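Trainee: I would like to learn how to read packing, pockets and backbone features in a model. Can we work through one together?

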Amino acid sequence: MTSHTIYADRRARLAAQLGAGGIAIIPTAPERSRNRDSDYLYRHDSYFYYLTGFTEPHATLVITAEGETTLFCQPKDLEREIWDGIRLGPDAVPAALGVSRAMSSAELAAQMPKLLENRSTVWYPFAIHAGLEGRVDGWLQSVRARVRYGALCPDQQRDLCSLLDEMRLVKDAHEQDIMRRASAISARAHIRAMQRSAAMLRTGQEVREYHLDAELLHEFRQHGSQYPAYGSIVAGGANACVLHYRADTALIRDGDLVLIDAGCELDGYASDITRTFPANGQFTGPQRALYDLVLASQDAAVAATKAGARFVDPHEATVAVLAQGLLDVGLLDKNKVGNAQDVIANRSYFQFYMHRTGHWLGMDVHDCGSYVEPSQVGQISERKDPLSGELIKDRPSRILQPGMVLTIEPGLYVRPAPGVPEKFHNIGIRIEDDAIVTATGCELITRGVPVKADEIEALMKG
């Protein structure tokens, strides 16, 4: 199937869900000013790209329930193209993208009331595009002005995300292939950073977090990635205990652990890998003990990731291993917190592990898609959080299906605190891989970079 056909098929599947008289409006992302005359590097809207494969700004897609598609895009402008690059232009769009017709984005305001007239329901992404709701209201006012002439105005507005999120949640073969390639690039980048860290320390060079960040960026671009999928985390020593730390200027010392959470974006799809490694290539005893515990918890989560399982199952498998492991290594005192079941029930592990074990992955690094099983959304149970005392309402977790893609990323973060053995102070560890759900288990697409401690040490020796 060609990319041309893939996008056309997606638009047709969406059109079939709009209902009689439905019409959908999907804008792309705006350009954003960084400062003065400089803009942030442009990145298209994921929903828009999913339906078009089109990366230019100032574009809007309109789809009717009958499958008619109109793309509004930038007109050809030879003067602006000298400065900003070649535009496809409305005349070339239908053949290039397979849409029914195309018009200049300058005509959007005048054409939308005509397209909305005699429609019953208007769909658009809620709470995504600032000002879009007001623009839709303005277009509908223009339609209402014609009701005395027999025009009908849509009487329903619905959130298009509810349809597109479900479509995007299961990745087709085309998407999976891109994500495998993105993962391979990111794996090579992690290997490069690991080896560079050890090599610099061996030769007595000063190593800072930004040095390793530079290695990541080089490898991403060297292999065709457009940009990082998110701000890379390169955290040396105690900085690894800050979950959303960003690569900065901190010195990486011989004997530190380094946590790198980084992945590239390739052709609109994200990868997301975390590895934790000794800066000098050799784990200390306490570092190895906690690393092996986190890896064992990830192994349990991987085994729990398969079609028919719940999204929450990998997390619960991780927590079960960590709960017992925290007691075994002495980070938790069984005389104070009880056994592993007590640790889980009371969330005593939360001091060292405070995030979930994964998230959806796709065009966005924290991809769209409900974490609640749609067929069971009405089933609600209540529980009191043992730490906050807050009353929490739970709904059944999503049932995994082949083609869903999620991360599996357990961790441990040990900040100095009373009762915490000093040998573990300031150790932060996270291990993250990307998994495509299959009928019998899952395919880990990020294991191009080693994960076992012995393999990491061997990789960093030279």
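This is a predicted model: local features need pLDDT of at least 70, side-chain atom pairs count only at pLDDT 80 or more; totals for chains, interfaces and linings use all residues.

Trainee: Let us begin with helices. What is the angle between α8 and α9, and how far apart are their axes?

Mentor: The general idea comes in two numbers. Two packed helices are described by the angle between their axes and the distance between the axes. Here, helix α8 spans residues 173–202 and helix α9 spans residues 209–222. They pack at an angle of about 145°. Their axes are 8 Å apart. The crossing of α8 past α9 is right-handed.

Trainee: Which residues of α8 and α9 make the contact?

Mentor: From α8 come Ile-185, Ser-186, Arg-188, Ala-189, His-190, Arg-192, Ala-193, Arg-196, Ser-197 and Met-200. From α9 come His-211, Leu-212, Glu-215, Leu-216, His-218, Glu-219 and Phe-220. By class, the residues of this contact of α8 with α9 divide into 7 nonpolar, 5 polar and 5 charged.

Trainee: Now the spaces. How many cavities of 30 Å³ or more are there?

Mentor: A cavity is a space where the probe fits but cannot get out. The count here is 1 cavity of 30 Å³ or more. The largest cavity holds about 60 Å³ of space.

Trainee: Which residues line the largest cavity?

Mentor: The lining consists of Phe-311, Pro-314, His-315, Arg-356, Thr-357, Gly-358, Leu-406, Thr-407 and Ile-408. Sort them by class and you get 4 nonpolar, 4 polar and 1 charged. Then sort by element. α11 (313–329) and β17 (405–408) each supply at least two residues of this lining. β17 gives the most, with 3 residues.

Trainee: And the open spaces? What is the volume of the largest pocket?

Mentor: A pocket, unlike a cavity, is an open set of points. The largest pocket has a volume of about 730 Å³. It is lined by 26 residues. The closest to its centre are Val-312, His-315, Arg-356, Arg-383 and Asp-394.

Trainee: Which elements give two or more residues to the lining of the largest pocket?

Mentor: They are α11, α13 (340–346), β15 (381–384) and β16 (391–394). α11 has the largest share, 3 residues. By class, the pocket lining has 14 nonpolar, 4 polar and 8 charged residues. Look back at the cavity for a moment. His-315 and Arg-356 are listed in the lining of the largest cavity. His-315 and Arg-356 are also among the residues closest to the centre of the largest pocket.

Trainee: Next, single residues. Is Ser-297 buried or exposed?

Mentor: Ser-297 counts as buried because its relative accessibility is 0%. Ser-297 is found in helix α10 (residues 285–303). Beyond its neighbours within four places in sequence, Ser-297 is in contact with Thr-318, Val-321, Leu-322 and Pro-410.

Trainee: Where is Ala-439 found, and why does Ala-439 count as exposed?

Mentor: Ala-439 is in the loop between β20 (433–437) and β21 (442–444). Its relative accessibility is 61%, so Ala-439 counts as exposed. Setting aside neighbours within four places in sequence, Ala-439 is in contact with Ala-307 and Pro-402.

Trainee: What about His-366? Where is its place?

Mentor: His-366 sits in the loop between α13 and β15. His-366 is exposed, with a relative accessible area of 55%. With neighbours within four places left aside, His-366 is in contact with His-359 and Trp-360. The C-alpha atoms of His-366 and Thr-69 are separated by 29 Å. These two residues are 297 residues apart along the chain.

Trainee: Last, the backbone. What is the phi of Arg-36, and what is the phi of Asp-267?

Mentor: Start with the expectation. Most residues other than glycine have a negative phi. Phi of Arg-36 is near 50°, a positive value. Arg-36 is found in the loop between β2 (33–35) and β3 (38–39). Phi of Asp-267 is near 50°, also a positive value. Asp-267 lies in the loop between β12 (264–266) and β13 (269–270).

Trainee: How do Arg-36 and Asp-267 count by accessibility?

Mentor: Arg-36 is exposed, with a relative accessible area of 79%. Asp-267 counts as partly exposed, at 30% relative accessibility.

Definitions and conventions: Residues are numbered from 1 along each chain as its sequence is written. Side-chain values use heavy atoms; hydrogens and water are left out. On a 1 Å grid over the protein atoms alone, a cavity is a set of points where a 1.4 Å probe fits but cannot get out, and a pocket is an open set with protein on both sides within 12 Å along at least five of seven lines; lining residues have an atom within 4 Å of a point. Grid points are joined across faces, edges and corners, and a volume is the space filled by probe spheres set on the points. Helices (H or I, at least four residues) and strands (E, at least two) are DSSP runs, numbered from the N terminus. Ala, Val, Leu, Ile, Met, Phe, Trp, Tyr, Cys and Pro count as nonpolar, Asp, Glu, Lys and Arg as charged, and the others, Gly among them, as polar. Buried means under 20% relative accessible area, exposed over 50%, partly exposed in between (1.4 Å probe, protein chains only). Contact means heavy atoms within 4.5 Å. Axes are lines fitted to C-alpha atoms, for helices over the stretch in contact, and angles run from 0 to 180 degrees between N-to-C directions. A crossing is left-handed if the near helix is turned anticlockwise from the far one by less than a right angle, and right-handed if clockwise.
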